[in-house]
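My notes follow the structure.

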Amino acid sequence: MRVYHLNCQQVLPISLNEAWDFFSSPLNLARITPRSMNFTVTSDFSDSTKMYEGMIITYKVSPLFGIKLNWMTEITTVCDKQYFIDEQRFGPFKFWHHEHHFKETKDGVLMRDELTYGMPFGVLGTAVNALVVGKQVRDIFTYREQAVTKLFGKP
């Protein structure tokens, strides 16, 4: 299996507490995901639900050609106000490991994403990643950066 990496970072002009409060709510993920993905959290959470180690989150998502897929991730690690990790348990990828890091700076909060993923279907998956998925993953994180800037502004 070929493994792919994406690293992104952004400075948010908010406090560490505000950043952590927003990003530790599973329902907020839909607010920063492109509408074209038809991303819906299907877990029975409320606005006050906060993530914890072992939390299972289920979604519906349409990553390609409008085809709805089920996706399940687990929050495997939480280090309060520093980082958390989500990993796919079931879904469109063969492997998905996403680290979300937060660090207070003089300008606000440095938010850093480190994504490692793998595609199913061997050589076919490698080709699909090269033609479609790799760009789509990058576009999702570009959209996320823009959505977060609209919500919180620039430093």
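I looked up His97 and recorded it as buried because its relative accessibility is 16%, buried meaning under 20% relative accessible area with a 1.4 Å probe and protein chains only. The model is predicted: local features need pLDDT of at least 70 and side-chain atom pairs pLDDT 80 or more, whereas totals for chains, interfaces and linings use all residues. Residues are numbered from 1 along each chain as its sequence is written, and side-chain values use heavy atoms, without hydrogens and water.

I placed His97 in strand E6, residues 95-105; strands (E, at least two residues) and helices (H or I, at least four) are DSSP runs numbered from the N terminus. I found a polar contact of 3.0 Å between the side chains of His97 and Glu99, that is, a pair of N or O atoms within 3.5 Å, one able to donate a hydrogen and the other to accept it. Leaving out residues up to four places away in sequence, I listed Ile85, Asp86, Glu87, Glu114, Leu115 and Thr116 as touching His97, with heavy atoms within 4.5 Å.

I then traced the sheet, which is open, has 7 strands in the order E1-E7-E6-E5-E4-E3-E2 and pairs antiparallel; pairing requires at least two DSSP bridges between two strands. I noted E1 and E2 (40-41) as the edge strands, each pairing on one side only.

Last, I checked helix H1 (residues 16-23), where Leu16, Ala19, Trp20, Phe22 and Phe23 are buried. These buried residues pack against several elements, including E6 and helix H2 (122-152).

Technical notes: Buried < 20%, exposed > 50% of the residue type's maximum accessible area, 1.4 Å probe, protein only.
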